[in-house]
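Here is a briefing on one protein structure. Look at the sequence and the 3D view first, then work through the points by topic.

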Amino acid sequence: MSVSLRILLLVFSIVLALATTIVVKRGRMPIKYSLLWYFSSLIVFVLAVFPFIIEWVAGLFGFITLSNLVTSIMIGILLFLTMSLTIITAGQNRKITLLIQEVSMLKEKVNKK
């Protein structure tokens, strides 16, 4: 892996971790959701620090250029994050629907009295 690619991955992982920390400190994201972003940052950091892992994976899957594998890994991480956030959103939608139903039932009870 070239030095410039390793530096780019290191910078990317550090910026991602710092951005996540800033968002959490400002109260814009709960800590439990930030773990997904920290995990992604950790994966990128490990790949940048230990390039032999990515070289081994590239050989295993037949990638000729390491940058293609890095791009594939980034796309995989983004797909993982998208799926995780979709699951979280679906769960919140279910909770909101239940809350609306409970509030409607309470309003009906109050209006009957």
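Phe50 sits in the loop between α2 and α3 (51-61). The model is a predicted one.

- Is Phe50 buried, exposed or partly exposed? Its relative accessibility is 39%, so Phe50 counts as partly exposed. The range for that class runs between 20% and 50%.
- Two helices, α1 (3-25) and α2 (31-49), each supply at least two residues of the nonpolar patch.

**Aromatic pairs**

- How many aromatic pairs does a search of the whole structure find? The search finds two.
- Phe50 and Phe52 form an aromatic pair that is edge-to-face. The ring centres are 6.0 Å apart, and the planes are at 65 degrees. Planes over 60 degrees apart count as edge-to-face, which is why the pair gets that name.
- Phe52 has a relative accessible area of 54%, so Phe52 is exposed. Phe50, at 39%, is partly exposed.

**Helix α1 and the segment before it**

- Ser2 lies in the segment before α1. Ser2 counts as partly exposed because its relative accessibility is 40%.
- Ser2 and Ile22 are 20 residues apart in sequence. In space, their C-alpha atoms are 30 Å apart.
- Helix α1 has 23 residues. From its first C-alpha to its last, α1 reaches 33 Å. That is close to the 33 Å expected at 1.5 Å a residue.
- Which residues are buried in α1? They are Leu5, Leu9, Ser13, Leu16, Thr20 and Val24.
- The buried residues of α1 pack against α2 and α4.
- Take Thr20, which is found in helix α1. Thr20 has a relative accessible area of 4%, so it is buried. The cut-off for buried is under 20%.
- Thr20 touches Ser34, Trp37 and Tyr38, leaving out residues up to four places away in sequence.
- Gly27 follows α1. The phi of Gly27 is positive, near 80 degrees.

- Helix α4 covers residues 66-112, with 47 residues. At 1.5 Å a residue, α4 should span 69 Å. Its end C-alpha atoms are 69 Å apart, so the two values agree.
- The buried residues of α4 are Leu66, Leu69, Val70, Met74, Ile77, Leu81, Ser84 and Gly91.
- What do these buried residues of α4 pack against? They pack against α1, α2 and α3.

- Leu66 is in helix α4. Leu66 counts as buried because its relative accessibility is 17%.
- Leu66 is in contact with Met1, Ile54, Glu55 and Ala58, leaving aside neighbours within four places in sequence.
- Leu66 and Glu55 are eleven residues apart in sequence. From C-alpha to C-alpha, Leu66 and Glu55 are 7.0 Å apart in space.
- Leu69 is also found in helix α4. Leu69 has a relative accessible area of 3%, so it is buried.
- Leu69 touches Ile54, Val57, Ala58 and Phe63, not counting residues up to four places away in sequence.
- Leu69 and Glu55 are 14 residues apart along the chain. Their C-alpha atoms are separated by 9.0 Å.

**The salt bridge**

- How many salt bridges does the structure hold? It holds one.
- The side chains of Lys112 and Glu108 meet in a salt bridge, at 3.6 Å from N to O.
- Lys112 and Glu108 are four residues apart in helix α4, so about one helical turn separates them.
- Lys112 is exposed because its relative accessible area is 67%. Glu108 has a relative accessibility of 47%, so Glu108 counts as partly exposed.

Note on methods: Residues numbered from 1 in each chain as written. Predicted model: local features only at pLDDT ≥ 70, side-chain atom pairs only at ≥ 80, totals over all residues. Heavy atoms only, no water. Buried < 20%, exposed > 50% of the residue type's maximum accessible area, 1.4 Å probe, protein only. Expected span 1.5 Å × (residues − 1). Contact = heavy atoms within 4.5 Å. Salt bridge = Lys/Arg side-chain N within 4 Å of Asp/Glu carboxyl O. Phe/Tyr/Trp six-rings, centres within 6.5 Å; stacked < 30°, edge-to-face > 60°.
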